[in-house]
Amino acid sequence: MRGRYVDAASMYKRGASRDYINADDKEESSAFVHFLNGKDVGNPPWRRSLPHVLVATLSSFLFGYHLGVVNETLESISLDLGFIGNTLAEGLVVSTCLGGAFVGCLFSGWIADGVGHRRAFQLCALPMIIGASMSATTKSLWGMLLGRLFVGTGMGLGPPVAALYVAEVSPAFVRGTFGSFTQIATCLGLMGALFIGLPAKEIVGWWRMCFWVSTVPAAVLALSMEFCAESPHWLFKRGRGVEAEVVFEKLLGGLHVKSAMAELSRSDRGDDKDTVKLSELFNGRHFKVVFIGSTLFALQQLSGINAVFYFSSTVFKSFGVPSDLANICVGIANLLGSLIATILMDKLGRKILLLGSFSGMAVSMGLEVIAASSFASGSGALYLSVGGMLLFVLTFALGAGPVPGLLLSEIFPSRIRAKAMAFCMAVHWVINFFVGLLFLRLLEQIGAQVLYTIFGAFCLLAVFFVKSNVLETKGKSLQEIEIALLPLE
């Protein structure tokens, strides 16, 4: 089945065929392209793939929700379960979830390659339902930790599969925009957790309801995936070319089926069915892209962003700012930045957003350092600290948040894409785990000024790294990017 498309790669140009064309496809594509750049360039209709993308982003919503669910409720949880004042135990409630995410992430590539993206989403939802139910009913710290461990495995599996799926079912001209939806969903999840957690301090046991609520979107994700399209790239790699054609027609419209299949064949090196060995990610021609991906995720976490999300209540409380007000402001800044990134992703490109984002984060950390120093006091320190933290979240959401996952799903060759994403996300979770575990302890031991200086230094390092190593991918098909980065040897 693949062979008939290999020689056709030069015959079928995007938009050249008139097979299967219908008026709706033309109208939908033209309207959205006109909205983006004022002209019709004959792109596929974006509305066909949008429902599938939105269902996939439920995994990102759950990811954000479980990151933020302990922010407002941690004090109530520690009081009810008997570890109030124990910063190590509080850190474990946060970071055990991240440890589970590391485990889930390690296997995400093999699961996505083995059973397909749709089934991987369903396997992601199952431990989230089980773990949230355990956390909601536990009477001890160990029960909470076990529940958070289960939830974490689902959190680790979901994000890399979501990045892969969205990249592979989206038309190239809106892939950046659709890829940003995962970050928006994460923001909405964080904000949802913060709002639902607000009554926790007044209503005894309300924190249990916060965990129960998360089982609803997890169940919706598992059920809705039964009606979503499988990734055509995965089908093609499995030798199921006819099914890939059918899916492409469903996602892109009949007009673009031949060109999409021809592009898949162009990038097919004839080795897709071979087992990908872990050593291949660190040797030969794949090393550079894996190094770029893992370093981007490492720098993203070493910037200190998740310390803000996990412990913003504690930090703001030290300045006399009500935690509920502070967390609402953090959530709004995160959402606003993500919405702006969605608009700019396919206009300015990935690299510019990354550079601007990390630069803004470095400036924000500078404000935090000044606020923690002897140069600022009273209301001045308050405004600098709160303003710096909100600016930090806003600039993070503009690029450092949404871009790495999208960029990696674009630059990795199809043969190693799932497993390389799994490895890079594993790096993300390892560093995330230690940030969550040690932030409060480091804040006590070395002070805010030194800690925020370290975070700012990593932001500056990220600027230089992006400028030297990251290539622009906007507007290019996944096959064009693969061929450009990995030419035939």
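Thr186 lies in helix H7, residues 175–197. Helices here are DSSP runs (H or I, at least four residues), numbered from the N terminus. This is a predicted model: local features need pLDDT of at least 70, side-chain atom pairs count only at pLDDT 80 or more, and totals for chains, interfaces and linings use all residues. Residues are numbered from 1 along each chain as its sequence is written, and side-chain values use heavy atoms, with hydrogens and water left out.

Thr186 counts as buried, because its relative accessibility is 10%; buried means under 20% relative accessible area (1.4 Å probe, protein chains only). Thr186 touches Ser60, Phe61, Phe63 and Gly64, not counting residues up to four places away in sequence. Such a contact means heavy atoms within 4.5 Å.

Helix H7 also holds Arg175. The side chain of Arg175 meets that of Glu410 in a salt bridge, 2.8 Å from N to O. A salt bridge is a side-chain nitrogen of Lys or Arg within 4 Å of a carboxyl oxygen of Asp or Glu. Arg175 is buried at 1% relative accessibility, and Glu410 is buried at 0%. Asp346 and Arg350 form a salt bridge too, at 3.1 Å. Arg175, Asp346, Arg350 and Glu410 are linked in a network of salt bridges.

Another pair is Arg417 and Glu168, with closest N and O atoms 3.0 Å apart. Arg417 lies in helix H19 and Glu168 in helix H6, so the pair ties together parts 249 residues apart in sequence.

Now to confidence. The protein chain averages a pLDDT of 81; pLDDT is the predictor's confidence in each residue, from 0 to 100. Over residues 1–41 the pLDDT is below 50. Where pLDDT is low, the predicted coordinates should not be read in detail.

Conventions:
Helices (H or I, at least four residues) and strands (E, at least two) are DSSP runs, numbered from the N terminus. Buried means under 20% relative accessible area, exposed over 50%, partly exposed in between (1.4 Å probe, protein chains only).
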